[in-house]
Amino acid sequence: LAIHCGGPGSLSSCLYNAEIMLPDELRGSYNIVAVDQRGMGRSEPTFMVEDCAVQLQDEDGALSAMSLINEDSVRAASKVYKQRALRCWNHPGFRLEAEQADGSSRTFHFLEYSGTRQLAEDLERFRVLFGSQKLNIYGISYGTVVMGTYATVFPNNVNLMILDANVDPGSDIVSRTVDDARAKQQRLDYFIASCEFGNGQCGGDRDMRTCVNNVNEMVDAVSEQFDSFLTPFASLFELFGIRIGKSMIMAIVLELLFSVYEEVEFVCDIAADGAVESFWTWLMDKFTIENSNPMVSLIAATNTTNITDLYPMDSESKPTSGFATPDFPFKDYTIFAEVTSVCQDMITAQDMSLGAYDEDRYVKFLMELHQQYPGAGTQMPGMLT
């Protein structure tokens with residue numbers, strides 16, 4: 001049973017997660033395997049280089065300052081992304097020399113051979129090495145793209161397949177972006193409609209679009225206090241070039257409201273009254289680790305304790321690379337990967353032709369998309385209409 005837990009970023013440690021996810025009977029019936037995908041974990045070359053982390057190249061904070069209604073700010077952010085793409089592509093460690101059959105040497109670029117298709121091909125190589133029997137495959141989240149690709153390319157080599165929490169397998173960046181924006185707009189519209197159509201949990205007759213705009217103003221008002229709240233993590237964020245701004249706060253607040261309707265009436269009332277201190281108190285109560293709310297995912301990236309610590313990681317028995325440490329992969333590698341999202345960036349870029357774009361077209365497309373689906377940018381909405 002080959003398993004991939006998603007990401008991109010799932011490592012061979014996914015095998016240890018299987019101890020929790022799968023029932024005893026299933027674990028006892030299969031040899032369960034997982035791999036360190038190309039560019040990740042102990043695989044070499046590694047994506048974990050500064051040239052591929054966009055946050056480390058955003059010296060002026062253009063990404064966190066981007067407003068989808070301000071062309072100059074969108075253009076500034078686009079320059080950061082393009083600079084990262086160029087630096088990452090030109091990273092010297094990605095140019096690999098290989099001797100050919102005729103004795104000549106050929107240079108291959110790693111980023112052209114480390115996407116989802118290549119991972120599917122690696123799984124096929126693994127299958128052949130282990131006796132050419134059919135594989136049972138289990139993919140979660142992005143892992144559904146991996147296993148779906150494997151089943152598409154090698155349909156005769158699959159016995160059983162499970163796709164859990166499916167992700168859009170498409171590789172056209174424009175259509176995927178439009179679909180994502182439309183879906184977020186629909187989710188926001190549904191939330192507003194469910195309240196305005198008589199959901200008593202939202203507090204009865206209420207203009208929810210006005211409420212969302214009022215909440216946005218509250219987030220503006222407490223942004224400096226939130227910066228102070230994150231001070232204990234400042235050194236880590238600075239190390240990886242992360243700037244936590246209004247956009248992240250607003251996104252988390254909306255996620256909380258979507259999930260817990262009974263909070264809506266209270267939050268809308270204090271936002272309408274401009275009660276900044278009350279809003280701040282509510283925010284801090286929801287963002288504590290003890291409450292297990294969305295903020296935990298951000299803070300957890302600073303914590304090297306992983307759920308798989310429940311099971312011993314026998315690193316010494318596995319082929320480790322020169323940069324691997326005895327407690328791999330639950331220490332520095334994990335922090336870099338989670339906080340910079342470099343694995344997701346690199347795999348997505350490769351699957352989508354390295355994200356090449358013309359700057360003017362990119363800026364125009366992004367701003368027009370926001371005009372069409374303003375709810376997709378609710379993290380920085382200006383005013384919803």
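A word on what we are looking at. This is a predicted model, where local features need pLDDT of at least 70, side-chain atom pairs count only at pLDDT 80 or more, and totals for chains, interfaces and linings use all residues. Residues are numbered from 1 along each chain as its sequence is written, and side-chain values use heavy atoms, with hydrogens and water left out.

Now the terms. A salt bridge puts a side-chain nitrogen of Lys or Arg within 4 Å of a carboxyl oxygen of Asp or Glu. Helices are DSSP runs of H or I, at least four residues, numbered from the N terminus. Buried means under 20% relative accessible area, exposed over 50%, partly exposed in between (1.4 Å probe, protein chains only).

Back to E359. E359 is buried, at 16% relative accessible area. K79 also meets E359 in a salt bridge, 3.2 Å from N to O. That pair links distant parts of the chain: K79 in helix α4, E359 in helix α16, 280 residues apart. K79 is partly exposed, at 46%.

What about R75 and E71? Their side chains form a salt bridge too, 3.0 Å from N to O. They are four residues apart in helix α4 (residues 71–89), so about one helical turn separates them. E71 is partly exposed, at 40%.

Put together, E71, R75, K79, E359 and D360 are linked in a network of salt bridges. The whole structure has 11 salt bridges.

Notes
Helix = DSSP H or I, 4+ residues; strand = E, 2+ residues; numbered from the N terminus.
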